Amino acid sequence: MSFQHILYSVDSGVALLSLNRPKSLNSFNEAMHLEVREAFKQIKSDKQVRVLVLTGEGRGFCAGQDLSDRNVDPTADAPDLGISIEKFYNPLIKAIQALPMPVICAVNGVAAGAGANLPLACDLIIAARSAKFIQAFCKIGLIPDSGGTWFLPRLVGMAKAKEMALLGEPVSADAALEMGLVNRVVDDELLRQEALTLAQHLATQPTKGLAYIKRALNQTFDHGLEEQLLLERDLQRLAGQTQDYREGVAAFMAKRTPEFKGE
């Protein structure tokens, strides 16, 4: 499929998906949603893909919803924004969480609205030093969506989550790192390469086992200890049946570098 609003490529097990509407700060319209959805289908069906890097083109990562794509007429009936959430944003967040591979988000510049919460659904976040995270919803009378009200309290605590959501003030990359919102901050010119280098490392690891780690951690807040212990048992049983586990043990015993294949 030929894409107009995203860039998508695969190299050495690493898929790179870049939002490509730089003139509108990569804000989402319906067409870009559909292209991202199609790319995710390709990622899930391509057995060569072992890691995904998500980023944006131009001077910003994503400004959230393209408001010009919605006809909000003050004199007309109020729009049902729940339809847009149910049709596009919720499936996008769930798709990222459900991918059986690590997802790295490289945040370049502004990440606002849904664009500030999209990275939070990913597994690792690398931010350019110029990045700014803005929960802009309160500025137009809305609530944080795209998982914002779920991820923020868990990542930064309730006090900071409410501060970000109620005030909508920009959070710098360094502040985001200090509060645990992102994993790393790098100089702008190094962002893409840093993300790809990390992705290339992960692509050489036992990625089926990494997928089980991701699954277990994503479910921990939904479980009590007993349920989580049972999940660990079940996932460890599956992990122990992988070829990568056998290769890892064999390499350890032979004191050689393992050659994992994600199998």
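Author: In this predicted model, α4 passes α5 in a right-handed crossing. Residues L152, P153 and V156 of α4 and M158, K160, A161 and M164 of α5 make the contact. By class, six of these residues are nonpolar, none is polar and one is charged.

Reader: How are two packed helices described?

Author: Two packed helices are described by the angle between their axes and the distance between the axes. For α4 and α5, the axes come within 7 Å and cross at roughly 135 degrees. Angles over 145 degrees would count as roughly antiparallel, so α4 is oblique to α5.

Reader: At what angle do α1 and α2 pack, and how far apart are their axes?

Author: Helix α1, residues 30-45, packs with α2 at an angle of about 25 degrees, and the axes are 11 Å apart. The two helices are therefore roughly parallel to each other. Their crossing is left-handed. On the α1 side the contact has E30, H33, L34, V36, R37 and F40, and these meet K87, F88, Y89, P91, L92, A95 and I96 of α2. This contact divides into nine nonpolar residues, one polar and three charged.

Reader: Back to α4: which of its residues are buried?

Author: In α4, residues 148-156, the buried ones are G148, F151, L152 and V156. Seen down the helix axis, they fall within an arc of 95 degrees, so they line one face of α4.

Reader: What do the buried residues of α4 pack against?

Author: They pack against α2 (81-98), α3 (114-117) and α5 (158-167).

Reader: Which residue follows α4?

Author: G157 follows α4, and its phi is positive, near 90 degrees.

Key. Residues numbered from 1 in each chain as written. Predicted model: local features only at pLDDT ≥ 70, side-chain atom pairs only at ≥ 80, totals over all residues. Heavy atoms only, no water. Buried < 20%, exposed > 50% of the residue type's maximum accessible area, 1.4 Å probe, protein only. Helix = DSSP H or I, 4+ residues; strand = E, 2+ residues; numbered from the N terminus. Arc of directions from axis to C-beta. Contact = heavy atoms within 4.5 Å. Axes fitted to C-alpha atoms, helices over the stretch in contact; angles between N-to-C directions. Parallel < 35°, antiparallel > 145°, perpendicular 65-115°, else oblique. Left-handed = near helix turned anticlockwise from the far one by under 90°. Nonpolar A, V, L, I, M, F, W, Y, C, P; charged D, E, K, R; others polar.
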